[in-house]
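Here is a quick tour for anyone opening this structure without having seen it before. Have a look at the sequence and the 3D view, then read on.

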Amino acid sequence: MARISEQIIEQIRSTADIIEVVSGYVQLKKRGRNYFGLCPFHGEKTASFSVSPERQIYKCFGCSVGGGVINFIMEIEGMEFVNAVKHLADQYSIELQIDETAGKSKDLITQLFDIHAQTAHTFLKNLGTEEGSKVLAHLESRGLTRDTIKKFKLGYSLKQKDALLSAFRTEGVRSDAMKQSGLFIDTKSGYMDRFRGRIMFSISNSAGKIAAFAGRVFESDDPAKYINSPETPIYNKSKILYGLHETKQIIRNSKSVIVVEGYLDFLQLYQSGIHNIVAVSGTAFTDQHALQIKRFCEKVHLAYDGDSAGKAAAIRAGYVLLRAGLSPLIVNIPDGLDPDDWVKRDGNTPFLEAVENSTKLLTFHFQNYKGDISTTSGKTAFVNDVLMEIVQIKDPVSRELQGRELSELVGVSAESIFQSLHNMLEKLKRRQNFQQNNKSPKPKTEDKKQLLENDLIRLCFAEDIAIRKFLFDEVKTEWLMTVLSQKIYEKVYIHLHSSNAPEASLIMDELKNETYRNKLAELVFDLEKLTPSLKSAEDCVRRLEQNWLNIHIQSIREELKNAESSGNDPLPLMK
Ligand SMILES: [Zn+2]
């Protein structure tokens, strides 16, 4: 992997102000010494995401993520460390000198991205072969231009069962990375290409790197219309939205997004000049998709196929969006058409009009309900179905608004609706309480030890160098009982002797493990509430040592007991 010098990283860390960087994604408001906003990493309606300008770190008190400015970019843009650094350097016009040759063996992730980039190139090139020319003609007959094909890296996988495999073998790509790429399948007669004789779509992550492929059947009676890459270390299909890397800025600017079901819908719309779009790729719409969208806008138009399956899927996706606190609207697509056919046939004007006149989720659900809503029992069933969804909305205000809408829609008094909702919520709460009570409680002494170790770590950040030097001289790592504390302490320890207090954001970057990082963010976020003194440090160290001694003595006693009962001579242990 490419290396960036420590000085450059330091320069970026001191130039890129975390408040400024986070503000590009989250609306922040100042409260006391810190800034607060809605967490971009989990769905919420009250601001529990907090940024500290003093420590240059962020911390969410809802989902407990935390880190420094580089971690933030890594998380929100889905980037690796080096790319996050490049991204920030770009923004702040800091010149980078990256040594691409340092560290000869590339890590697995980099290799996987390389393999995917190369494969996309091969698939695109295949369109120029005799076998692929029919596919190119087909794509063009569907109205796709060569520019679109190139920009979104469409292509063709040859029918030959090891066309891709043999290309990589001659290049000597490490077989471990090839196995994990998901591009090959293991058969009795050895490995072969997963995608054969298919129209290929490249699926990029939000940073624009190709992470997977989807292959559409072409002139074959293969019953599988689409074959997709499996989940790999670089591909999580419930997270990735097709095209988002190209359209995210436009989505943010236009404050709304159109979600379509298929790659071809996306491409046709994009080409027609509609750019605030994404497609769900080869899976149902998930909570994580909703969170991805929430990073950029709140208003979501679902433009699914006009048949009954499409309508049902749009309704399901709508409720997922509603749960995440977004406002879903459903576009009425003429029966039997999908956005791709429609825009190809009539241009984008009628489609855009339909987007303008989208129907609210609950109304659309009511209009397309399978049961007979003219009967009392049909209406009751509808109300219950919708209540089951509304009850899952966490935000009480949004829950009430949906309740009112339902009441107006079906002509049932708001009072009855809220009564039913209340009953359901109570039931849900009882179930959750029951589940919580059945979790095994943590032993109390464990908690005390952890608290003590938390104190130690906080003390390491004391401004007073006398406190830090004291810790440096007195604390022994083996006194720490939890791996969590040990790992964090190991990183902080080396900074204890320097003249300035350790910088939390710097240590965050060094902690590669997310759990450790989140824990550290939690510990140091409100550091100013603490007034550390040498006395409290001495007290903490004494108790840590005492705890360790107690455990040590306890284990010696056990050994003695075991030795006595087995008749061995206990004396050697007593020295
Ligand atoms: Zn959060």
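## The sheet

Five strands form an open sheet in the order β1-β2-β3-β4-β5, and the pairing is antiparallel. Strands (E, at least two residues) and helices (H or I, at least four residues) are DSSP runs, numbered from the N terminus, and two strands pair if DSSP finds at least two bridges between them. β1 (29-31) and β5 (66-68) sit at the edges with a single partner strand each, so one side of each has no neighbour in the sheet. On average, neighbouring strands here are turned by 25° against each other, direction ignored.

Zoom in on β2 and β3: these run antiparallel and are joined by three bridges. Y35, for instance, has V51 in β3 as its bridge partner.

## How to read the model

This is a predicted model, where local features need pLDDT of at least 70 and side-chain atom pairs count only at pLDDT 80 or more, while totals for chains, interfaces and linings use all residues. Residues are numbered from 1 along each chain as its sequence is written, and side-chain values use heavy atoms, with hydrogens and water left out.

## Helices across the sheet

Helix α3 (residues 69-77) lies across β3, β4 and β5, and runs at about 120° to β5. Helix α24 (residues 514-525) lies across β2, β3, β4 and β5, at about 100° to β4. The angles run from 0 to 180 degrees between N-to-C directions, using axes fitted as lines to C-alpha atoms, for helices over the stretch in contact. Contact itself means heavy atoms within 4.5 Å.

## The zinc site

Which residues hold the zinc ion? C39 (SG), H42 (ND1), C60 (SG) and C63 (SG) coordinate the zinc ion at 2.1 to 2.3 Å. Donors are N, O and S atoms within 2.8 Å of the metal (3.2 Å for Na, K and Ca); water is not among the atoms, so sites may look incomplete. The angles among the four donor atoms are 99 to 120°, and the site is tetrahedral (four donors with all angles between 85 and 135 degrees).

Along the sequence, the donor residues follow the spacing C-x2-H-x17-C-x2-C. H42 is in the loop between β2 (34-37) and β3 (49-52), and C60 is in strand β4 (residues 57-60), so this pair ties together parts 18 residues apart in sequence. H42 is buried, at 18% relative accessible area, and C60 is buried too, at 0%. Buried means under 20% relative accessible area, exposed over 50%, and partly exposed in between (1.4 Å probe, protein chains only).

Notes. Four donors count as tetrahedral if all angles lie between 85 and 135 degrees; four count as square planar and six as octahedral if opposite donors are over 155 degrees apart and all others between 65 and 115; anything else is irregular.
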